[in-house]
Amino acid sequence: MSAIDRLSCEELFRRLDDYLDRELDEREAQLVREHLETCAVCAGEYAFEASVLMNVRKKLGRIQAPAGLMAKISKKIAEAVKRGT
């Protein structure tokens, strides 16, 4: 792979959140994976951010929404649609 086809650490950090959220196209995701395979610093940052994200998702899965919240949200959405906003 040529230097042109590689991401710098700065470019990786700009894409890392999108990579973790699976929002990159396949080409960009491949560039991120290749960089993570060759850069220990970025791989460490990725591991840290991925673990934080995983822990947040676990905790959110245990939080119960207040009774009636979905009905209130649905009502607000319907009102916004009627207003055209």
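Predicted model: local features only at pLDDT ≥ 70, side-chain atom pairs only at ≥ 80, totals over all residues.
Local features were taken at pLDDT of at least 70 and side-chain atom pairs at pLDDT 80 or more, whereas totals for chains, interfaces and linings use all residues. Residues are numbered from 1 along each chain as its sequence is written, and side-chain values use heavy atoms, with hydrogens and water left out.

Helices were assigned as DSSP runs (H or I, at least four residues; strands are E runs of at least two) and numbered from the N terminus. Helix α1 covers residues 9-20, helix α2 residues 26-38 and helix α3 residues 40-62. The 13 residues of α2 should span 18 Å at 1.5 Å a residue, and its end C-alpha atoms lie 19 Å apart, in agreement. The expected span is 1.5 Å times one less than the number of residues in the helix.

Burial was assigned from relative accessible area: under 20% is buried, over 50% exposed, and values in between partly exposed (1.4 Å probe, protein chains only). In α2, the buried residues are Ala29, Leu31, Val32, Glu34, His35 and Leu36. These buried residues pack against α1 and α3. Contacts were defined as heavy atoms within 4.5 Å. His35, found in α2, has a relative accessibility of 10% and therefore counts as buried. Leaving aside residues up to four places away in sequence, His35 touches Leu7, Ser8, Cys9, Leu12 and Cys42. With the same exclusion, the contacts of Leu36 are Leu12, Tyr19, Cys42, Ala43 and Tyr46.

The largest nonpolar core has ten residues: Leu7, Leu12, Tyr19, Leu24, Ala29, Leu31, Val32, Leu36, Cys39 and Cys42. At least two residues of this core come from each of α1 and α2, and α2 supplies the largest share, four residues. Such a core is a set of buried Ala, Val, Leu, Ile, Met, Phe, Trp, Tyr and Cys residues joined through side-chain atoms within 4.5 Å.

Three salt bridges are present in the structure, each defined by a side-chain nitrogen of Lys or Arg within 4 Å of a carboxyl oxygen of Asp or Glu. Arg14 and Glu10 are paired at 3.0 Å, N to O. The two residues are four apart in helix α1, which means that about one helical turn separates them. Both Arg14 and Glu10 are exposed. Arg15 pairs with Glu28, with 2.9 Å between the closest N and O atoms. Arg15 lies in α1 and Glu28 in α2, so this pair ties together parts that are 13 residues apart in sequence. Arg15 is partly exposed at a relative accessible area of 22%, as is Glu28 at 24%. The remaining salt bridge joins Arg33 and Glu26, whose closest N and O atoms are 2.5 Å apart. Here Arg33 is partly exposed at 27% relative accessibility, whereas Glu26 is exposed at 56%.

A nonpolar surface patch of about 480 Å² is formed by Phe48, Val52, Val56, Leu60 and Ile63. Val56, located in helix α3, is partly exposed with a relative accessible area of 40%. Patches comprise residues with over 30% relative accessible area and no salt bridge, with nonpolar side chains (Val, Leu, Ile, Met, Phe, Trp, Tyr) joined within 5 Å and like charges within 9 Å. Accessible areas come from the Shrake-Rupley method with a 1.4 Å probe; for residues, only the protein chains shown count as cover.
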